Amino acid sequence: MVKKVCHLFSFLFIIFVLFGCASADNGEDTGSGSGEITDGDFAPLDKKATVVIAEDGAASGAGFYIAEEKGYFDDYNIDIKFTTFANSDDMLPALAAGEVDIAGGVSTASFFNAIAQGIDVKIIADKGHYFDGSSYFSFVIREDLQDEIKDYSDLKGKRIAVSSRNAVDDYIFQRMLEHAGLTEDDVEFVLMSDFGNMLAAMGNKSIDAALQIEPLITQGEAQNLHVRFGDATDFAPDAQIAMVLGSPDFIEKETDVSVRFMAAYLKGVRDYNDAFLHDEGLDEVIDIMTKHTALKDADVWKKVGVTGLDPNGEMFIDDIKKQFEMYDANGAISGDIDFNDAIDTSLSEEAMEVIGRYDR
């Protein structure tokens, strides 16, 4: 009898050990992620996680769209939900409160003021810069002025349309003036918030030049309204146009999810660079872009200057600070910002430790 009892306990002990090992292998009760790294990549999350992205179909969201369509988020057991906001005044508080996990943002005085006044969001990765010689956000001049305007200094006395004050548009405009050896008193600044209206203004000759954006740059050229004038990299090669923003809770508390999200995003951006810089998988990427953005013409995608997206997520941090300093000098900033706290590159750095750097 004693032998039978001993055999029974031995059998139950073996079953317990085996069951416990199986539970550990399956990741039960270990949180949202296993934390494992296999074959140079992160293991999928044990439980499906939903990440909410505030994105309105901007071309600079290419990394999100490509990663979603090519299954990079699915590989990590991440479900993506896109949402939109009427303006950043509504989006930033939602991001700070954790109602949204990820968003895109551009440099404006109001954006920095929100952070200075206690809206806690993190600037975490690149979402828009210039490609050398093919800037997606650059100056154009009226086609009939090509013989008259040969250099940036020739813009003296000209009417130049810019879409905003104390925002990245204004910053690029000021950098151009400095490069040209001009001041704002030497030109006529025309505030024109709608880029589409700039095309009409070119047509009726009410402006001479404009800081225009794609695909309207290419469209205006096709309509013989304007021509590209130099390239923004002539005077602002290290300009940070847009950034990926993150909720502090998402970055700091949901670490298993957020680092995998970043890895998937960077994979999408790398495919984007392979396509537009190296002509690898271009048709597939253009199909994705036509699906998710307002530009539906695949042929035009092959002509436009596309948004620069860094395949390692790296930003021009010094330039972000310079933009803040310009707005502050203009009296448009109320308060100060600790950029060591506001800028957090830890996710991209941690992701690259696993998936490696892109060095093409």
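Reader: How many salt bridges does the structure hold?

Author: This is a predicted model, in which local features need pLDDT of at least 70 and side-chain atom pairs count only at pLDDT 80 or more, while totals for chains, interfaces and linings use all residues. Residues are numbered from 1 along each chain as its sequence is written, and side-chain values use heavy atoms, with hydrogens and water left out. A salt bridge here is a side-chain nitrogen of Lys or Arg within 4 Å of a carboxyl oxygen of Asp or Glu. By that definition, the number of salt bridges in the structure is 24.

Reader: Which residue forms a salt bridge with Glu55, and is Glu55 buried or exposed?

Author: Glu55 has 7% relative accessibility and therefore counts as buried (under 20% relative accessible area, whereas exposed is over 50% and partly exposed lies in between, with a 1.4 Å probe and protein chains only). In its salt bridge the closest N and O atoms are 3.0 Å apart. The pair links distant parts of the chain, with Glu55 in the loop between β3 (49-54) and α2 (62-69) and its partner in strand β6 (residues 122-129), 72 residues apart; helices (H or I, at least four residues) and strands (E, at least two) are DSSP runs, numbered from the N terminus. That partner, buried at 4% relative accessibility, is Lys127.

Reader: How many residues apart in sequence are the parts that Asp274 and Arg360 tie together?

Author: Asp274 and Arg360 form a salt bridge whose closest N and O atoms are 3.1 Å apart. Asp274 counts as buried at 15% relative accessibility, whereas Arg360 is exposed, with a relative accessible area of 52%. Because Asp274 lies in helix α10 (residues 255-278) and Arg360 in the segment after α15 (346-355), the pair ties together parts whose separation in residues is 86.

Reader: What is the N to O value for the salt bridge of Glu184 and Arg165?

Author: Both partners count as partly exposed, Glu184 at 25% relative accessibility and Arg165 at 37%. The side chains of Glu184 and Arg165 meet in a salt bridge, for which the N to O value is 2.2 Å.

Reader: Which residues are linked with Arg142 in a network of salt bridges?

Author: Side chains of opposite charge can pair when their charged atoms come close. In this network, Arg142 is linked with Asp144, Lys205 and Asp208.

Reader: Where is Pro215 found, and what is the omega of the cis peptide bond that joins it to Glu214?

Author: Most residues other than glycine have a negative phi, and most peptide bonds are trans. Pro215 is found in the loop between β10 (209-213) and α8 (216-222). The bond joining Glu214 and Pro215 is cis, with an omega of about 5 degrees.

Reader: What is the phi of Asn77, and is Asn77 buried or exposed?

Author: Asn77 lies in the loop between α3 (72-75) and β4 (78-83). At 18% relative accessibility, Asn77 counts as buried. Although Asn77 is not a glycine, its phi is positive, at about 65 degrees.

Reader: What is the phi of Asn224, and where is Asn224 found?

Author: Phi of Asn224 is a positive value near 60 degrees, in a residue other than glycine. Asn224 is partly exposed, with a relative accessible area of 49%, and is found in the loop between α8 and β11 (226-228).
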